[in-house]
Amino acid sequence: MVAFAVPAEVAVILLDIEGTTTPITYVKDTLFPYIRDNVKEYLRMHWEEEECQQDISLLRKQAEEDSNVDGVVPIPLETGSGEDEVEQVIQAVVDNVHWQMSLDRKTTALKQLQGHMWRAAYATGHMKGEFFQDVVPAIRKWREAGMKVYIYSSGSVEAQKLLFGYSTEGDILELFDGHFDTKIGHKVESESYRRIASSIGCSTNNVLFLTDVTREANAAEEADMHVAVVLRPGNAGLTDDEKSYYSLITSFNELFLPSST
């Protein structure tokens, strides 16, 4: 793999998570199964809490917006008629969550509930964030060289902070200057990357975006960001055209900053 020389104008490195910093297997085999297996128990345990009720209200609103989507599971309102009704509503929420996850949806409502569930799991030691071996040393090196480092993931900012705050490497949140999720826009829309640059306070061409998803890379490139596509074990394969078009890296160690070239 050819090393990637970071352009001199780049002052910010923007990182995807799944398939870039963190193995896809961790997300698919640890994070998501935890939600599927524990959502009913979580709802029963936290039902009376305001945060949980806010999560359910958001999911209910999303279900209403999805009323014309095939297979949607509506979430009824509570009328206060007892425990049986509560169980019915809980089951509807569980079925809705399972339905959304089966379609790999990334709605804010779903991400919010997932984030709160993961927070409880991380805080109690049931899970720890995982990264590829090259990630943390490389980020430390980038920061020492004066780079700013941000995260942009479809997972909520709260979920991102849990991943990096309760990790196998300890709490490494200090390595990041900020976090973005889909509240700023979807990752396949070029306008999202313009908003991120504006929020950071730089031009889009001052940013290098690392992702494993070519549709995201294309959107960032349309916004005039620099892009490298990350090839990791377990990631989706690229077409020959994609391999020849994009700059490719298999490790963060293959990035060479201007000061080190």
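Helices (H or I, at least four residues) and strands (E, at least two) are DSSP runs, numbered from the N terminus. The model is predicted, so local features need pLDDT of at least 70 and side-chain atom pairs count only at pLDDT 80 or more, while totals for chains, interfaces and linings use all residues. Residues are numbered from 1 along each chain as its sequence is written, and side-chain values use heavy atoms, with hydrogens and water left out.

**Helix H8**

Select Asp224, which follows H8 and has a positive phi, near 80°. Step back into H8 (214-222) and pick Thr214, Glu216, Ala217, Ala219 and Ala220, its buried residues. Buried means under 20% relative accessible area, with exposed over 50% and partly exposed in between (1.4 Å probe, protein chains only). These residues pack against H7, S5, strand S6 (226-230) and helix H9 (240-245).

**Helix H7**

Next select residues 190-200, helix H7, where Ser190, Ser192, Tyr193, Ile196, Ala197 and Ile200 are buried. Look down the axis of H7: its buried residues fall within an arc of 155°, so they line one face of the helix. The arc is that of the directions from the helix axis to the C-beta atoms. Show S2 (12-15), S3 (148-152), S4 (178-180), S5 (207-211) and H8 to see part of what covers them. Just after H7, Gly201 has a positive phi of about 95°.

**The cores**

A nonpolar core is a set of buried Ala, Val, Leu, Ile, Met, Phe, Trp, Tyr and Cys residues joined through side-chain atoms within 4.5 Å. The largest one has 59 residues, and Leu15, Trp118, Trp142, Leu210 and Phe252 have the most contacts inside it. Helix H1 (residues 24-46) supplies the largest share of this core, eight residues. Apart from it lies another core, of 21 residues, including Ile184, Val207, Phe209 and Ala220.

Centre on Leu210. Beyond four places in sequence, its contacts (heavy atoms within 4.5 Å) include Ile13, Thr20, Trp142, Val230 and Phe252.

**The largest pocket**

Finish at Glu18, Asp104, Lys106, Ser154 and Glu216, which lie nearest the centre of the largest pocket among its 41 lining residues. On a 1 Å grid over the protein atoms alone, a pocket is an open set of points where a 1.4 Å probe fits, with protein on both sides within 12 Å along at least five of seven lines; lining residues have an atom within 4 Å of a point. Its volume is about 950 Å³, the space filled by probe spheres set on the points. H1 gives the most to the lining, with seven residues.
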